[in-house]
Amino acid sequence: DKVRPLYELWWRQCSAEEKLVLIQLVEEGFANPKQGEIVRRLLSKGRLRRDPVLRPVNHSFAVFVDSIVEPADLERETPHRGRLGIKTRDRPGIEM
């Protein structure tokens with residue numbers, strides 16, 4: 001709970017496309033290879049790491065991302081809707 005405000009700040013600072021990549025990585029275990037530029041941005045921001053595979057910066061951030069929002073909500077907000085092939089789940093989202 002102590003790090004949640006930091007993660008919420010990080011989340012607000014991410015673009016919709018960055019959020020989609022983070023969700024895909026947490027849910028699927030990999031990022032779409034076509035999203036290399038977005039992955040590089042997230043790596044440079046310290047939101048992702050290579051260990052040796054691509055992962056969220058730490059487990060608690062991965063748990064936060066997994067709990068934060070329904071991917072379908074993000075797909076409606078990005079002009080590249082549906083490009084990432086993210087599966088959706090039945091759970092409530094939050095406003096971004």
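Colleague: What makes Leu54 part of a strand in this model?
Modeller: In this predicted model, Leu54 sits in strand 2, residues 54–56. A strand needs a run of at least two E residues in DSSP.

Colleague: Why is Leu54 called buried?
Modeller: Buried means under 20% relative accessible area, and Leu54 has 16%, so Leu54 counts as buried.

Colleague: Which residues does Leu54 touch, neighbours within four places in sequence aside?
Modeller: Leu25, Ala31, Val39, Leu43, Leu48 and Arg49. Contact here means heavy atoms within 4.5 Å.

Colleague: How do you know that the buried residues of helix 1 line one face?
Modeller: The buried ones are Tyr7, Trp10 and Trp11. Down the helix axis they fall within an arc of 100°, so they line one face of helix 1. Pro5 and Arg12, on the other side, are exposed.

Colleague: What makes up the largest nonpolar core?
Modeller: There are 18 residues in that core, and among those touching the most other members are Trp11, Leu22, Leu42 and Leu48. Helix 1, helix 2, helix 3 and helix 4 each supply at least two residues of this core. Leu42 also has contacts beyond four places in sequence, including Leu22 and Leu48.

Colleague: What is the mean pLDDT, and where is the pLDDT below 50?
Modeller: The mean is 81, with 71% of residues at 70 or more. Residues 81–96 are below 50, though this stretch has 42 contacts beyond near neighbours in sequence.

Notes. Residues are numbered from 1 along each chain as its sequence is written. This is a predicted model: local features need pLDDT of at least 70, side-chain atom pairs count only at pLDDT 80 or more; totals for chains, interfaces and linings use all residues. Side-chain values use heavy atoms; hydrogens and water are left out. Helices (H or I, at least four residues) and strands (E, at least two) are DSSP runs, numbered from the N terminus. Buried means under 20% relative accessible area, exposed over 50%, partly exposed in between (1.4 Å probe, protein chains only). The arc is that of the directions from the helix axis to the C-beta atoms. pLDDT is the predictor's confidence in each residue, from 0 to 100. A nonpolar core is a set of buried Ala, Val, Leu, Ile, Met, Phe, Trp, Tyr and Cys residues joined through side-chain atoms within 4.5 Å.
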